[in-house]
Each structure stands twice: as C-alpha cells, then as structure tokens.
Amino acid sequence: MPDIVIDGKKVEAKDGEMIIAAAERAGIYIPRFCWHPRMKPVGMCRMCLVEVKGPRGFALQPSCYVPVAPDQEIVTTSDTVKKAQDGVLEFLLINHPLDCPVCDRGGECPLQDQTFGFGPGESRFVEEKRHWAKPIPINPLIALDRERCIQCARCTRFQEEVAGDPMIDFVGRGDHTEVNIFADKPLASNFSANIVQLCPVGALTATPYRFKARPWDLDVVESTCTACAVGCRIAVQSSSNRLVRHLGVDSDPVNHGWLCDKGRFYYEAVDSPARLTNPLVRKGDEFVEVSWAEGLRAAADGLRAAGASVGVLGGARLPNEDAYAWSKFARTVLGTDNVDCQMGDGLPAEAVLGLPRATIDEACSAPATLLLGPDLKEELPVLFLRLRTAALDGDTKLIELTPRPTAMSEHAVVSLVYRPGEAATVARALVEKSDQDSRLARAAEALRGESETGEGVVIVLGRPSVAESADGIVQAAAVLARAFPGAKFLTALRRGNVHGALDMGMAPGILPGRVSLDEGGAWFTDGWGAVPAQRGLDTLGMLQAADQNHLQALVLLGADPINDFPDRALARRALAAVNFTLAVDCFRNDSSRHADVILPVAAFAERSGTTTNLEGRVSRLSQKVTAPGTARPDWMIAAELALLLGGDLGFDTLDSIAAEIERLAPSHAGLTPRLTTGDGAVVPVAARGKTSSNGQTGEQIEVNATFAQGETLMPENDPDQGETPLDRPPSASDPAEGGRPPLLRFTPPPSSRTPPPVDAYSLRLVSGRRLYDHGVLVSHSPALAQMVSEPVLRANPYDLDQVGIKPGQRARVKSPRGSLLLAVHPDPAMPRGTACLDVNLPGEGPAELIDATAPVTEIRLESVGGAG
Amino acid sequence: MLTDAPAIVTARLGQPESWTLRSYLDKGGYQGFRQALTMTPEDVSKEVLDANLLGRGGAGFEAGKKWSMLAKPRPAYLVINGDESEPCTFKDHMLLEGDPHQVIEGTLICAYAVGAAQAFIFVRGEFALGLERMTAALNEAYEYGAVGQDIFGSGFSIDLVVHPGAGAYICGEETALLESLEGKRGYPREKPPWFPAVKGLYSQPTIVNNVETVSNLPWIVQHGGKGFAALGVGRSAGTRIFSLSGHVNRPANFEIEMAKTTFRDLIYDPALGGGIRNGNELKAFVPGGVSAPWFGPDQLDMPLDQDAVGKAGSMLGSGSVVVMDDTTCMVRAAWRITQFFHKESCGQCTPCREGGGWVDKIMRRIELGGGRESDLELLLDVCDNIAPGLRWPPAKTTICVLGPSIPSSITSALKMFKDEFLVHIKEGGCPYA
C-alpha cells in the first residue's frame with residue numbers, strides 16, 4: 001500500500017488505484033466528468049488534471065489515468081491546476097446550450113455543480129454555438145439532446161463495457177462529435193436507462209420522467225428493488241406523494257449502482273389508475289365495493305366454511321414480515337400447510353433452502369461458476385451484469401449448462417447444451433471425468449481447477465424452462481453437489497421476494513427460518529401454539545386437488561395462477577371448481593375474476609418492511625408514498641382475519657413481527673433491525689459473520705458473539721446413497737442455542753421420472769421469461785408495457801425445413817395439451833430438436849401447451865402455408 | 001549549399017516502373033535484407049543505433065533507441081506508419097507509390113531486428129495509387145520469397161499486411177493508428193500506460209516506424225551504420241527528404257544531407273526550390289510541418305538540423321517546409337492551418353475538441369471583419385488553455401499532440417505579424433482580399 005502525498009497531506013493509497021480515487025477517499029475531491037469508479041478510465045474530459053511530480057518537476061496529469069506510486073507528490077490546488085480546470089470548464093460550456101431552466105438535470109447536474117465549484121464564472125465565447133436537432137428518441141425510454149452532451153463517453157462505455165450492448169457510440173469527429181445510436185437501430189438494451197443516471201449533464205433524459213419534477217422538489221428514501229430477486233438497492237423519489245423516479249444506489253455486494261430498465265421504471269405501476277382501492281365482494285356476477293369491515297367479514301366467512309380444506313397460493317410479492325404473518329396465519333388459524341409462494345415455475349423449497357448458499361460476490365470471484373438456470377439477462381438482469389463483468393474482467397470461468405443459448409453463452413468458457421429433461425444426464429457426464437468430449441473435459445477441468453472437491457466453485461441454480469419439470473434440474477443439482485462438496489449454490493429464482501417468502505415458510509413442509517415441518521414442528525408448536533401435523537400440497541397439488549373438488553377454498557396472495565402457472569387449463573379448472581376464493585392483491589387479474597372477495601393491498605414504496613434477495617440478503621423496504629384508497633399491508637389483513645376467525649397472530653406492528661421472526665425463525669436468529677439497513681445482511685447472520693471474519697466476502701456485519709462459533713460442517717457423504725443429506729449449511733443453532741431446530745439440509749429426492757425417449761417427429765419445448773412480459777409490473781407501467789414483444793417460436797432452421805415451414809410463415813404448434821398458431825423464427829443458434837417459446841407474452845403461449853405433470857413438453861409443428 | 005551525399009531513399013524514383021519487383025531487383029533490391037539475414041538481429045539493431053537514424057515521422061526519436069525499448073512480452077508487432085496526412089507533407093506518399101519494395105525491404109529488416117511476429121503497413125486510405133502499388137509489391141514479394149515462411153531459406157518467417165486507413169488525420173498519431181488497426185475509432189491512447197513499445201497493438205509490445213525511416217534500413221545494412229552517421233552532423237545524421245511547398249518556383253521533394261544545408265539553400269538554390277515565385281520577397285516559412293512554429297527571413301541561414309531548429313523554438317517535424325511570400329495574408333494563413341486542425345481533431349479530449357473550434361471561429365471573425373482588439377489576448381489565452389506554454393514535451397492538457405499543434409500557427413502569426421491582425425480589426429477585414 002503506497003503512501004502518497006496530496007496537497008501536503010499523507011494519504012494511504014491502494015495498490016493500482018488511480019490518483020483521483022485515492023484522493024477522494026482522503027476527502028480531497030478532484031472534479032471530473034468522464035471518470036466513473038465502476039468503469040475503465042478514458043481520460044477524455046481532462047477536468048481532473050492535477051500536478052504530479054515527475055523527474056522534470058511538477059507537471060499536469062489526468063488523475064483518473066495515473067495510478068498511485070510510492071511517495072508520489074500531487075498538487076490539486078495550484079494556479080496551474082486552477083487554470084487548467086477553468087480552461088476545461090470554459091471549453092465544455094462554449095457549445096453547451098445553458099438551458100438549465102428547462103433541463104431535467106438542472107439542480108443535480110455535475111456540469112452545473114462543477115462550474116459552480118471550479119469554473120471561471122463567465123464565458124468569453126461570443127460565437128454561434130453548435131446546433132443539433134433535439135431531442136431525439138434513442139429508444140422508447142430515453143431522449144437524447146446532443147447539444148447538452150459533453151462527450152464524456154460514460155454512456156458509450158456503460159453499454160459496451162458493462163451491459164455488452166454497444167448500441168450507442170460517437171459519430172463524427174472534432175467539435176462535431178455527437179453521441180448517437182446507429183441508423184434505425186434503437187438502443188435495445190435491458191439496461192439502457194443506466195446511461196441516463198450516468199450522464200453528467202441533461203443530454204440523456206428518461207422519457208417517463210421528462211418535465212415531471214424539479215430535483216430539489218423530490219423526496220427520497222433508500223429502498224430495495226423488488227422487480228426481481230437480485231435486490232438492487234435503489235433511491236425511491238417522489239413528488240407530491242407520487243413516485244417519479246428510481247435511481248440505482250451503489251451497493252458493493254449487490255448492484256454496483258446499476259438497475260435494469262424494468263426496475264427503474266416499474267414505479268409507474270404503483271401509481272396506476274388500475275390499482276385496487278377498496279375491498280370488493282362478489283354480488284352475483286359483479287364485484288361491489290364494500291367497507292373493510294364487510295370485506296373482511298365476507299373473507300372470514302368464506303374461509304371459516306372451508307375449514308382446513310384451503311390452500312394459500314402466492315406470497316413472493318410480500319415483504320418478509322407480511323409473508324411471515326400469512327405463513328403463521330395459514331398454519332395456526334386456517335390450520336393448513338397448503339401454502340406455496342411459487343407458481344410451479346421455480347424449484348422445490350428443500351433445494352433452495354437446503355443447499356449450501358453462495359453470495360453474488362462469491363459467484364463473481366469464484367474460480368469457476370456454473371450456470372444452470374434461466375437466461376439471466378432476461379430474468380435476473382443485474383446478476384447478469386455482475387457475472388458478465390466477473391467473466392470478462394475477473395478470473396472467473398463461466399460454465400453453462402443450458403437447454404438453449406443464452407445471453408451469457410458468449411462469455412462462457414464452455415456452454416453445454418442439454419436436451420430438455422436431460423440436465424442430470426449431462427451433469428453426470430460432466431462429473432464422471434470422461435475425456436471423451438473435449439468440451440465436457442474443459443468444463444470439468446474448469447470446475448476442478450483449484451480443488452477436486454470444487455472448493456470455491458459456485459453453481460447458479462434456477463429453472464431454465466418451465467416446459468420441463470423441476471425434478472430434472474434438482475437431480476442435476478444433486479449430481480453436482482455430490483461431486484463437488486466444496487461448491488456453493490446461488491439460487492436464481494426470479495420473483496421479487498420469493499427467497500424471503502421461502503425463508504418465512506411459504507412452502508409446504510417448510511416453517512419459517514429454513515426448517516422443515518418435521519424437524520421444526522415442535523419448536524413452532526411451542527412458539528405458535530400449533531402447526532399442522534401433515535405436510536401440505538404445493539401449487540400443482542393444490543390446483544389438482546381443487547380440480548378434483550378436494551379443496552374448498554383458495555387464497556390468492558398476489559398470485560395469478562391462470563397467467564403464472566405453466567399449465568393454464570389446470571389453473572382455470574381449479575379456480576372454477578373451488579367454493580370460495582379470496583384474492584389479496586394490488587390489481588385485479590385473470591385469476592381474481594373468479595374470486596369471491598378481493599382485498600386491496602399496499603404496493604411497493606407504500607409500506608415498510610424487509611425483503612430477501614437470492615443470496616439470502618435481508619435489506620430494507622422503505623415507504624415513500626401513501627397507498628391509494630384504503631389499501632393496506634398484507635400482514636394487517638392476516639392479523640384482522642385471524643381475529644375474525646377466533647385466532648390471534650400476536651403482533652400489531654411491523655417491529656413486533658420482526659422481533660418474533662428473529663426469536664423464532666432459526667435462520668434469522670441475531671438479525672437485529674440495525675443489520676438490515678444499508679446493504680443489509682446475509683442470513684444466517686452468524687455463519688456469514690464468520691465468513692466475513694475470514695475475509696472471504698468482505699462484508700462488514702456486526703456479529704452476535706453467541707452465534708459466531710457456528711461452524712461450517714461438511715459431513716461426509718456416501719456418493720452412492722442418494723438419500724444422504726449432502727451438506728449441512730452453517731446453522732445459527734449449531735452447536736449452542738438449545739432448542740432451535742436445525743436448518744434444513746438438502747436431501748435429493750428419489751430418482752425422478754425419466755423423460756420419454758426422443759421422438760424424432762417432435763421438438764422439446766423450452767420456455768423462459770422475458771424481462772418485459774405480461775406480468776403485473778410491466779402491464780401497469782405504460783413506459784414498460786410498450787416494450788413487450790410478440791411471442792415467436794424459435795427453432796433450428798433444419799427442424800423447420802423438415803416440416804416444410806418457410807421463414808416468415810406461421811405454424812401450427814401442437815402438444816397433447818393444446819394447439820396454437822404462432823409466428824416462427826428460424827434461429828441457427830438453437831439446438832436441433834428443441835424449440836423456444838417464452839411464457840407470459842401477449843396472446844396464447846406455452847401455458848396452453850404445457851402439462852405440469854409431465855417431465856418435458858413435446859410439441860409438433862405443422863406448416864399452415866402462406867405468409868405470416 | 002548542396003553536398004555530394006548519395007540519394008539513399010530516393011535513388012530509384014523516376015526509374016521506369018520503379019515500383020515493380022523486376023526494377024527493384026535490377027537496382028540491387030533486397031540485398032540489404034539478404035545481408036541482414038546473415039547477421040544476428042542484435043547486430044542489425046546495433047548498426048541502426050550506430051547510424052543515429054532519427055525517426056522521420058515528426059517526433060524525431062532515434063529509431064535504434066526505440067527498438068531497444070521494446071518490452072519483453074511476446075508476441076511483439078511491427079507497424080509501419082504510412083498515414084501521411086499533414087498538409088504540405090508528401091514524402092511517404094512518393095515512397096509508397098514510387099518504391100514500395102524499398103518500404104517492404106525496410107519493414108522486413110526492422111521486423112527481423114526487433115523479432116516481430118507480424119508486421120502491418122498502415123497506408124493512408126486516400127493514397128489509392130500507393131495502396132495499389134504497395135499491395136501489388138507485397139504480392140510480388142511473397143511470390144519472390146522475401147515475405148512469408150522461411151524467407152530465403154534463413155528460417156526467419158514474417159507476414160506483412162497492407163492496411164488502408166479510413167480517412168482520419170489523427171490516425172497518423174501512432175496510438176490512434178493502433179486503435180484504428182484494431183478496428184476501433186481512431187482515438188489516441190493515454191501515455192502512459194500506452195507507450196507502444198510497452199503496450200501497443202492488442203496490448204502487446206509494438207514498434208511503430210515511419211515509412212521513410214524504414215526506407216533507410218536497406219542502405220544502412222549495406223553501408224553500415226557508421227557510413228550513415230558520417231553523413232550529416234551529429235544527431236542529425238544521414239540524408240532526409242524535405243517536402244518543399246508554397247510560394248517557391250520548384251515545389252517538390254528533395255533528399256538532401258541533413259544539417260549541412262540551410263533553409264536558404266533549400267528555398268533559393270536553383271537545384272532545389274529555385275527561389276520565390278515572381279521574384280517576391282520571403283515573408284515567413286514553416287520549417288517542419290504545419291504544426292511547427294514559423295520562422296522569418298532572419299532564420300534562413302539556420303541549417304536543416306533537428307536540434308538547431310528545436311533550439312530556435314520550432315521543429316523539423318515531418319520535414320515539410322512551407323514558404324509564404326510577401327503577398328500572403330498571415331491571418332488567413334494561420335486561420336487556414338487552424339481550420340485543418342479543428343476539422344481533424346478526433347474530439348476525444350475537451351481542450352482540443354472545443355478549443356480548436358473556438359479559435360477557428362475567432363480567426364474567421366478577424367479575417368472576415370468582425371475582429372475586436374480583445375480577441376488577440378483571448379486567442380493567446382485560449383491557445384494557452386489548449387496547450388499551456390507551447391513547450392516540449394507538451395503539458396498533458398490533451399491526450400496527444402494534435403491539441404498542442406493548434407496554437408503554433410496562431411501564436412507564430414500573432415508574435416511575428418501582430419500589426420497585420422490590428423489592420424484586419426481596424427479596417428474590418430482582410431487588406432489582401
């Protein structure tokens with residue numbers, strides 16, 4: 001660590017860092033426009049010139065491009081530096097329109113601020129300024145004003161370096177350099193609006209925010225984005241009690257300041273006129289607005305009549321405290337274990353909670369990271385950015401196990417494509433040290449690079465496709481976990497707080513705090529008074545039971561199974577069959593059309609709480625605006641219904657719920673409210689604290705000393721016995737803390753059904769999700785709704801040729817379940833025998849084709865002739 | 001006065017079909033390279049070091065010393081800079097068109113000496129004929145066995161690529177050239193860390209030499225470094241091509257011995273420039289490319305010596321001498337040069353991008369009649385903000401030296417001909433118009 005001297009002050013610098021960064025840590029601000037700590041330096045704006053002592057004495061140097069060196073002497077305030085700064089600022093302003101009064105950036109503009117702080121104060125420029133047509137849209141979300149641009153290359157660098165979508169660049173040269181997109185090619189990137197936040201002037205503005213507010217009128221709170229499970233930290237800004245903007249906050253362990261465009265703009269949905277404002281009760285064929293007293297009574301009546309013959313679907317939208325309240329309500333008041341926060345499109349809770357968990361940082365610093373999950377760029381966008389950067393700039397080798405090419409494929413050292421249903425087969429070949437196939441051998445070598453047991457290796461595990469059952473993925477995970485006992489897992493489930501809901505027991509057979517009903521039953525009987533004796537049904541089971549009239553009532557907790565469950569016909573039949581349905585939601589949806597009572601709830605930024613991201617990081621959700629009408633938080637509804645049904649959940653504030661979670665949920669022991677501020681804390685706290693003290697995660701977490709002794713135990717497994725628990729994740733209750741049940745350990749389920757033999761006349765379907773789909777957030781955010789694309793079936797041109805389908809034609813797509821007429825796109829990158837059709841896009845889709853009980857979905861294509 | 005120094009790089013120009021392999025071989029072509037192959041690379045480098053061969057591209061750095069600075073990691077690359085684009089510099093143009101095999105032979109010798117894995121000849125895109133002849137010559141050279149695998153049975157192998165530029169002056173700046181060669185925008189790189197010899201093409205150690213520089217190599221190998229150093233004076237060794245243009249009777253390229261000849265000889269000798277047109281008086285001249293500060297008639301007896309010219313506050317640069325007679329409007333001349341740098345600024349860093357445009361507009365205003373007296377001080381201060389103090393090496397207000405090139409003509413004109421500016425301002429326009 002070299003010591004350097006800045007303005008006579010001794011500063012301890014980090015090896016290899018630039019002078020500008022070392023100075024900033026020492027409290028010396030060097031003005032800059034192009035430099036950004038998360039991107040490579042370019043030295044373009046020359047605003048950061050300082051004097052650095054060299055062999056010929058002090059000389060001007062760009063502090064963003066000169067690394068620190070021992071005993072370096074730097075001066076940032078000399079007349080020479082001041083003149084250079086004056087000069088650069090004057091240059092930057094000569095062609096700048098100075099239209100600050102009507103600029104969205106005015107008031108929070110680095111150009112304004114640095115002119116104020118470092119500039120000459122007046123201009124000597126009397127010539128005509130440069131003019132460009134303005135503003136021009138570069139995509140539906142962003143407008144470009146080239147006159148305001150100061151050519152700092154932050155936008156172009158972000159799109160190229162960080163996002164990998166280099167669709168904006170400089171055009172022309174000299175003072176006629178403009179930043180622009182390529183002709184007729186909009187900036188089609190899931191991350192485009194980061195460049196609005198990065199822009200140091202008002203050249204790039206977000207179309208949904210343009211002229212909506214003045215920065216100094218905005219109220220702001222820091223919160224956590226819940227658009228997906230990455231849990232990016234954001235600043236939520238409002239004006240006059242309406243959300244107007246999300247900004248990315250640089251959270252080192254999570255998002256590095258980046259957001260996806262969905263996360264940045266979904267606040268529009270919160271403010272949607274379609275929001276439910278008052279309870280609705282079905283009267284005949286219509287819903288009638290009623291008081292809360294009447295709505296709750298109707299709900300209680302319906303639930304009372306059903307008794308324990310009820311199922312609770314959903315909960316991944318809920319903050320942790322609300323999920324806990326509903327989990328407790330279902331178990332203690334309704335008396336059922338039929339709860340599932342996943343819509344048959346995720347992974348079994350035992351796998352998610354029971355496999356040893358990795359953090360994002362661990363996945364991004366691992367010697368090798370294996371991806372077995374969805375296309376991260378579409379489903380968990382900022383995790384994609386982190387992993388992409390790790391692969392390109394770090395030493396992490398990515399290995400992909402996927403049924404179809406993804407955005408990550410080009411960055412993977414090996415991309416192993418498996419036929420849907422056969423992930424476990426490829427996984428077995430991968431771990432069997434065969435050197436038959438060189439790609440398999442290369443992948444295995446990368447995984448075993450540092451140790452035979454895969455020490456340090458991270459496996460990103462999610463559901464690659466809802467058109468194949470989760471069983472095959474779990475089997476593959478079991479094979480990998482057994483072969484690499486040193487590996488950890490980062491679960492790539494998509495829904496906002498699905499990991500928190502699972503932690504809170506929103507899954508059958510699982511109780512809050514990552515314990516099983518079997519092992520935790522006694523503990524929770526103590527804490528709650530009662531728990532169901534029998535393991536309940538998952539979403540598939542509940543829908544099947546309802547369909548067969550074995551279930552009297554359903555509660556839809558922010559759930560829309562008709563659109564979200566992979567098998568739409570089953571969901572429709574189930575909802576039609578049950579006697580009573582209660583929907584608790586922000587919006588009406590296709591499923592709640594079947595409801596008897598709909599209770600309106602507060603949405604994101606209208607309530608406080610905590611949320612848990614895919615690494616198990618618990619961070620704060622902050623309230624910024626008031627909920628519309630009489631909508632209220634989910635936990636209050638659970639508490640009120642409990643009282644009406646003769647129970648009592650025993651809490652009346654969020655704090656009291658949080659305290660009960662800390663006391664009862666084993667994985668959350670020691671999670672004090674202070675720990676959830678800022679970047680939050682990864683649970684179990686004690687185990688992470690230990691990792692932290694080993695310097696592996698770099699997290700600064702206050703550790704409860706009682707739990708710090710928790711050890712990471714690695715029980716020896718017999719690879720031949722599938723039923724042996726594979727690993728014991730670090731447990732807060734190990735070995736001390738009497739009474740707390742042990743944390744769940746993943747036990748591979750007995751061998752799953754094998755997929756049918758390959759049928760040469762069929763294609764196996766792969767169905768993932770797009771960032772912009774028919775989900776609630778996108779549908780109700782006008783800016784995002786326009787980004788949704790039409791469903792297209794992609795298949796290898798060879799396969800299309802076989803059945804006589806020509807490019808541009810539509811085709812009849814048939815499965816045993818149903819049949820669709822779809823646009824078809826030949827894609828040579830698609831593996832033969834596989835077809836790709838994403839779920840939840842406009843019109844009919846895979847949900848009409850998928851049989852949720854089948855291991856894979858086989859489809860046949862028929863040419864219908866004619867042009868599409 | 002003219003010396004009897006041999007023509008080293010222009011000897012074959014003017015011969016019938018001088019650009020063909022047959023003509024080249026007839027005149028002893030590829031003998032230098034054959035001889036080099038019998039020597040060790042170190043010995044070849046030693047000869048070049050002894051020769052005191054200064055780079056002919058503009059900066060005038062010793063070629064042998066540059067080679068010795070090539071960093072260890074391999075592969076290393078060799079890039080020949082043929083992106084000659086500065087107004088009034090037209091020597092490489094002539095060599096590329098008239099003696100392409102000499103360029104190739106020089107490139108091969110250099111590649112052998114420095115151990116390059118691959119060599120590129122980057123030719124300005126507008127040199128259509130030069131590109132055609134270079135490409136044809138390279139094909140001939142491959143067929144002849146001078147390029148490719150196991151050259152002349154020596155075991156030495158090298159591939160050469162002729163790469164056309166895409167039309168930007170800035171790509172003559174070596175690091176911008178490397179960016180362009182990598183397929184990117186021609187943006188100069190920050191130095192350090194991007195010194196080509198350490199971190200050049202594809203981040204590998206790279207030697208970038210000018211076309212004329214390497215064209216000297218076949219002769220140096222054959223006649224020895226000491227033979228080359230015997231010509232000229234001191235560091236200004238050998239002969240050099242001077243591109244003489246402007247108001248002289250015989251504008252042309254002249255290869256003459258360095259330091260033994262003066263600007264007066266170059267401009268007035270009947271065998272060289274032949275004097276000023278129409279018998280006019282000399283008003284000023286640019287001694288080394290339009291980015292160099294100007295000289296007046298009082299400097300005519302200055303020898304064509306790199307160090308002497310540098311000491312006098314200008315530079316020999318690319319060896320282009322531009323003569324302006326007494327009918328020249330100096331405001332217009334300076335403005336014309338300013339326009340060029342303004343238009344050719346790559347736009348990467350602020351002072352050059354914005355400053356170039358600004359001084360262009362001020363100069364235009366003065367020339368066309370809208371000048372104010374305060375503009376003169378403003379011009380000097382804006383120039384100072386683009387490149388403080390006009391010193392060498394320039395202050396790092398800009399990434400490359402295009403920025404510091406902008407003020408040269410303006411400050412020269414203002415220093416030498418301030419009265420002319422004042423007349424423009426007072427009379428509301430150009431008195432020469």
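Student: In which loop of chain A is A:Asp184 found?
Tutor: A:Asp184 is found in the loop between strand E9 (178–181) and helix H5 (194–198) of chain A. Keep in mind that this is a predicted model.

Student: What is the phi of A:Asp184?
Tutor: General idea: most residues other than glycine have a negative phi, and most peptide bonds are trans. Here the phi of A:Asp184 is near 60 degrees, a positive value in a residue that is not glycine.

Student: Does A:Asp184 count as buried or exposed?
Tutor: Exposed, because A:Asp184 has 5 C-beta neighbours inside 10 Å. The cut-off for exposed is 12 or fewer.

Student: And A:Ala605, what is its phi, and where is its place?
Tutor: Phi is near 70 degrees for A:Ala605, again positive in a residue other than glycine. A:Ala605 has its place in the loop between strand E27 (597–600) and strand E28 (609–612) of chain A. A:Ala605 counts as buried, because 25 C-beta neighbours lie inside 10 Å. Buried needs 20 or more.

Student: Which residues does a cis peptide bond join in chain A?
Tutor: A:Lys134 and A:Pro135, with omega about -15 degrees. A:Pro135 is in the loop between helix H3 (110–118) and strand E6 (136–139) of chain A.

Student: What is the omega of the cis bond from B:Arg74 to B:Pro75?
Tutor: Omega is near 5 degrees for that bond from B:Arg74 to B:Pro75. B:Pro75 lies in the loop between helix H4 (63–68) and strand E1 (77–82) of chain B.

Student: At what angle do H15(B) and H17(B) pack?
Tutor: General idea: two packed helices are described by the angle between their axes and the distance between the axes. Helix H15 (residues 350–368) and helix H17 (residues 402–416), both of chain B, pack at about 20 degrees, with axes 9 Å apart. So H15(B) is roughly parallel to H17(B). H15(B) passes H17(B) in a left-handed crossing.

Student: How do the residues of the contact of H15(B) with H17(B) divide?
Tutor: Into 7 nonpolar, 3 polar and no charged. H15(B) contributes residues including B:Gly355, B:Gly356 and B:Val359, and H17(B) contributes residues including B:Gly403 and B:Ile406.

Student: How many residues of chain A are in contact with chain B?
Tutor: 26 residues of chain A are in contact with 27 residues of chain B. On the chain A side, strand E4 (57–62) and helix H2 (79–94) are the elements that give two or more residues. H2(A) gives the most, with 6 residues. The chain A side divides into 14 nonpolar, 7 polar and 5 charged residues.

Student: At what angle do H2(A) and H15(B) pack?
Tutor: At about 60 degrees, with the axes of H2(A) and H15(B) 9 Å apart. H2(A) and H15(B) are therefore oblique to each other. H2(A) passes H15(B) in a left-handed crossing. Among the residues that meet are A:Val88, A:Phe91 and A:Leu92 in H2(A), and B:Pro351, B:Glu354 and B:Trp358 in H15(B). The contact of H2(A) with H15(B) divides into 6 nonpolar, 3 polar and 1 charged.

Student: Which residues touch the most other members of the largest nonpolar core?
Tutor: A:Leu370, A:Leu480 and B:Val79, in a core of 406 residues. Helix H16 (residues 470–483) of chain A supplies the largest share of this core, 10 residues. Not counting residues up to four places away in sequence, A:Leu370 touches A:Leu480, A:Ile399 and A:Val457, among others.

Student: How many residues does the second, separate core have?
Tutor: That core has 7 residues, including A:Val618 and A:Leu671.

Definitions and conventions. Residues are numbered from 1 along each chain as its sequence is written. Chains are lettered from A and ligands numbered from 1 in the order in which they are written. This is a predicted model: local features need pLDDT of at least 70, side-chain atom pairs count only at pLDDT 80 or more; totals for chains, interfaces and linings use all residues. Two residues are in contact if their C-beta atoms, placed from the backbone, lie within 7 Å. Helices (H or I, at least four residues) and strands (E, at least two) are DSSP runs, numbered from the N terminus. Ala, Val, Leu, Ile, Met, Phe, Trp, Tyr, Cys and Pro count as nonpolar, Asp, Glu, Lys and Arg as charged, and the others, Gly among them, as polar. A nonpolar core is a set of buried Ala, Val, Leu, Ile, Met, Phe, Trp, Tyr and Cys residues joined through C-beta atoms within 7 Å. Axes are lines fitted to C-alpha atoms, for helices over the stretch in contact, and angles run from 0 to 180 degrees between N-to-C directions. Angles under 35 degrees count as roughly parallel, over 145 as roughly antiparallel, 65 to 115 as roughly perpendicular and the rest as oblique. A crossing is left-handed if the near helix is turned anticlockwise from the far one by less than a right angle, and right-handed if clockwise.
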